[in-house]
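Visitor: Please put the model on the screen. I would like to walk through it with some questions.

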Amino acid sequence: MYVGTLSFDLLLGDVRSLKEKRSVVRPIVAELHRKFAVSVAEVGDQDLHRRATIGLAVVSGDTGHLTEVMDRCERLVAARPEVELLSVRRRLHGDDD
């Protein structure tokens, strides 16, 4: 069994309140969950208007499938015009860890 995790550090566009921030972050989280059946949530920077950290986890029996799903999730977030992807932290955990 393998577990892959991604952490996205995002800079949001013209956001002036936490309510506007939620209207940007929630659709991204929902789309990742719906399209790729991953566990995903906003995990950091909840009190900052223009920053967000989204965490994602995937479980698979095959590292190839795991890498493919994580690559597709990263491309989806990077393609969103309302956010700037500042960094991505990727980890792969296996039975040997």
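Visitor: Before we start, what are the ground rules?
Guide: This is a predicted model, so local features need pLDDT of at least 70 and side-chain atom pairs count only at pLDDT 80 or more, while totals for chains, interfaces and linings use all residues. Residues are numbered from 1 along each chain as its sequence is written, and side-chain values use heavy atoms, with hydrogens and water left out.

Visitor: In what order do the elements of the protein chain run from the N terminus on?
Guide: Helices (H or I, at least four residues) and strands (E, at least two) are DSSP runs, numbered from the N terminus. The protein chain has two helices and four strands. Their order is β-α-β-β-α-β.

Visitor: What radius of gyration does the protein chain have, and what would a compact globule have?
Guide: The radius is taken over C-alpha atoms, and the globule rule is 2.2 Å times the number of residues to the power 0.38. For 97 residues the rule gives a value near 13 Å, which agrees with the chain's 14 Å. As for extent, the C-alpha trace spans about 45 × 25 × 20 Å along its principal axes.

Visitor: What share of the contacts with a separation of 6 or more joins residues 24 or more positions apart?
Guide: Contact means heavy atoms within 4.5 Å. Among contacts in the protein chain with a separation of 6 or more, the share is 70%.

Visitor: What percentage of the 97 residues is buried?
Guide: Buried means under 20% relative accessible area, exposed over 50%, and partly exposed in between (1.4 Å probe, protein chains only). By that cut-off, buried residues make up 34%.

Visitor: How far apart are the centres of the positive and negative side chains?
Guide: Lys and Arg count as positive, Asp and Glu as negative; His and the chain ends are not counted. Each charge is placed at NZ of Lys, CZ of Arg, CG of Asp or CD of Glu. The chain has 15 positive and 16 negative side chains, and the two centres lie apart by 7 Å.

Visitor: What span should helix α1 have, and what is the distance between its end C-alpha atoms?
Guide: The expected span is 1.5 Å times one less than the number of residues. Helix α1 has 19 residues, 18-36, so the span should be 27 Å. The end C-alpha atoms agree, at 27 Å.

Visitor: Which elements cover the buried residues of α1?
Guide: The buried residues of α1 are Lys21, Val24, Val25, Ile28, Val29, Glu31, Leu32 and Phe36. Their cover includes β1 (2-12), β2 (39-44), β3 (51-60), α2 (63-78) and β4 (83-93).

Visitor: What phi does aspartate 45 have?
Guide: Aspartate 45 lies in the loop between β2 and β3. It is partly exposed, at 26% relative accessibility. It is not a glycine, yet its phi is positive, at about 60°.

Visitor: Which residues does glutamine 46 touch, not counting residues up to four places away in sequence?
Guide: Glutamine 46 is in the loop between β2 and β3, partly exposed at 44%. Its C-alpha atom is 9.1 Å from that of lysine 21, 25 residues away in sequence. The residues touched are Leu18 and Lys21.

Visitor: Is glycine 44 buried or exposed?
Guide: Glycine 44 is found in strand β2. It touches Ala52 and Thr53, not counting residues up to four places away in sequence. At 12% relative accessibility, glycine 44 counts as buried.

Visitor: Which residues does serine 60 touch, not counting residues up to four places away in sequence?
Guide: Serine 60 lies in strand β3 and is buried, at 12% relative accessibility. Its C-alpha atom is separated by 6.5 Å from that of valine 3, 57 residues apart along the chain. The residues touched are Met1, Tyr2, His65 and Leu66.
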